[in-house]
2 protein chains.
Amino acid sequence: MSDAYYLQLTEQLRSLIDINATQWEGKLPAERVLAERFATTRVTLRQALAQLEGEGLIHRSNRRGWFISPARLVYDPTRDAGFNDYVRAQGRRPRTAVLKLETCSHLPAARALGLPDDQPFHHIRRRRYVDDRAVLVESLWVVPNCAPELLDIYAGQSLWGLLRERWGHYLANRSIRMVSEALSPRDAEELLVAPGTAGLNINRAILDDQQRPIEYDEEHWLHDSLCISVELSGQQ
Amino acid sequence: MSDAYYLQLTEQLRSLIDINATQWEGKLPAERVLAERFATTRVTLRQALAQLEGEGLIHRSNRRGWFISPARLVYDPTRDAGFNDYVRAQGRRPRTAVLKLETCSHLPAARALGLPDDQPFHHIRRRRYVDDRAVLVESLWVVPNCAPELLDIYAGQSLWGLLRERWGHYLANRSIRMVSEALSPRDAEELLVAPGTAGLNINRAILDDQQRPIEYDEEHWLHDSLCISVELSGQQ
DNA sequence: CTGGCTGGTTGGTATAGACCAGAAGTTTGC
DNA sequence: GCAAACTTCTGGTCTATACCAACCAGCCAG
């Protein structure tokens with residue numbers, strides 16, 4: 001049974017990570033150090049690291065090194081619990097950075113909500129962290145009529161909470177799409193990871209109980225940072 | 001703006017694929033041929049191909065070559081429409097191969113359904129195809145009481161259809177989990193892809209309307225072959 | 001016509017070494 | 001005391017080459 005050497009390496013790294021997880025404080029030694037320790041080249045070592053990255057055990061911060069990935073965040077995209085709430089409920093620390101606030105049109109949003117192509121939206125782009133690790137960037141396009149002065153008051157809080165409490169919109173119908181992706185250079189840069197890193201793209205179109213369009217959003221998650229969980233009762 | 005060469009290569013390959021898609025019948029030229037055409041080495045070329053693989057544009061069949069990926073199958077894991085039905089509804093051709101039929105215990109199934117650890121199940125393992133491409137392998141563990149003679153009569157049809165029509169079980173409560181993964185050597189082999197290929201793991205625990213456990217299943221999809229779509233109405 | 005053999009083709013794996021640019025830590029200079 | 005400049009470390013990218021094993025098509029024998 002002569003498995004490929006890089007697969008044996010993968011196993012050795014796996015146990016090494018188990019043993020030294022706390023000692024290293026999450027950061028693996030430099031690639032050159034590991035390559036020497038296992039008497040191989042960086043190329044082969046990186047192949048083994050890439051395997052563990054695919055499994056979600058480790059990840060890399062662009063040009064900074066390899067890190068042990070924390071447990072995945074459990075996330076239910078069908079609920080409208082705020083990010084801050086469910087992150088805290090899992091004993092983690094949430095944080096949000098607002099990257100952009102503007103009014104503009106956006107074709108995919110218009111299409112998904114059944115509005116004219118040149119429909120303007122309030123656009124919010126934000127980056128969200130769990131325990132100080134940036135795990136997703138997202139863009140939200142809100143129909144301006146639903147939240148006229150949104151851009152003036154928005155400061156990182158839960159958008160759905162605002163829509164409900166300030167403008168009385170109840171999100172009733174949602175159409176959700178999820179696909180695996182390679183992060184675009186822009187998303188990758190905003191998440192401090194290498195371009196092409198594996199990600200998960202979640203898009204949602206939200207209407208109210210009268211089928212009126214409210215909001216469309218695109219989330220780009222690091223693939224190893226979440227576990228999607230949906231609980232349903234009743235026949236479908 | 002001197003991007004990395006492999007990223008330029010990615011773009012060139014992308015347009016080359018667009019142009020020659022039909023001519024090549026889905027299969028790309030050999031890596032050595034492409035490397036020579038772009039005056040680079042196989043290593044760099046493979047990096048570009050891996051990027052496109054991550055995007056879901058191409059995939060490789062183990063030791064057979066690179067192929068252009070067909071459109072993703074749209075899939076709603078919250079519905080119990082049969083695989084055959086929704087594949088055909090999208091104008092594609094479904095196929096199922098039964099890999100294993102046995103009775104055995106399975107710890108994750110027992111835990112997910114709230115049954116004793118040594119609970120026996122009827123276990124079905126099957127591989128499913130879309131247009132003759134193997135896109136997923138799945139294992140199902142059915143509580144024997146719910147479908148006593150299942151293993152004698154099962155031949156690849158819709159399991160949920162059988163449960164409903166033959167044994168009168170209506171699937172009411174489902175708990176679904178989805179995580180990205182690297183396919184295990186076994187799953188990879190059964191799907192004819194290289195070990196460590198990116199995949200998507202979907203697990204479901206199903207109870208009936210009385211909260212009685214019926215079935216647990218684990219699906220392993222090729223990451224580029226599906227687009228998860230969920231439509232919900234009503235406040236959550 | 002069929003089944004096994006065979007050799008070329010191809011992807012999978014691995015070595016060895018090199019250079020660059022970003023990140024981070026250290027020193028210098030005001 | 002602080003900011004700018006420099007140095008070192010590190011991951012990201014790339015070249016050139018090699019060998020192996022699976023695959024596959026074509027040949028050959030029964």
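## Close-up views of strand β9(A) and the chain pair

**View 1. Pairing of A205(A) with a residue of β9(A).** A205(A) stands opposite Y216(A), a residue of strand β9(A). The model shown here and in the other views is predicted. Strands β8(A) and β9(A) pair in the antiparallel sense, with 9 bridges between them. Strand β8(A) covers residues 198-208, and strand β9(A) covers residues 213-222.

**View 2. The hairpin of β8(A) and β9(A).** Between the two strands of this hairpin lie 4 residues. Q211(A), in the hairpin, takes a positive phi near 70°.

**View 3. Strand β6(A) beside β9(A).** Strand β6 of chain A, residues 133-142, runs antiparallel to β9(A) and is joined to that strand by 7 bridges. L136(A) has W221(A) of β9(A) as its bridge partner.

**View 4. Burial of strand β9(A).** This strand of chain A is mostly covered. Of its 10 residues, 10 are buried, with buried meaning under 20% relative accessible area.

View 5. Chain B is superposed on chain A by a rotation of 180° with 0.0 Å of shift along the axis, at an RMSD of 0.1 Å. This is the relation of a two-fold axis. Within chain B, S180(B) has the C-alpha nearest the axis, 4.1 Å from it. Both copies use the same surface: 100% of the contact residues of chain B recur in chain A.

Methods. Residues numbered from 1 in each chain as written. Chains lettered and ligands numbered in written order. Predicted model: local features only at pLDDT ≥ 70, side-chain atom pairs only at ≥ 80, totals over all residues. Heavy atoms only, no water. Least-squares fit on C-alpha atoms with pLDDT ≥ 70 in both. Contact = heavy atoms within 4.5 Å. Buried < 20%, exposed > 50% of the residue type's maximum accessible area, 1.4 Å probe, protein only. Pairing = 2+ DSSP bridges.
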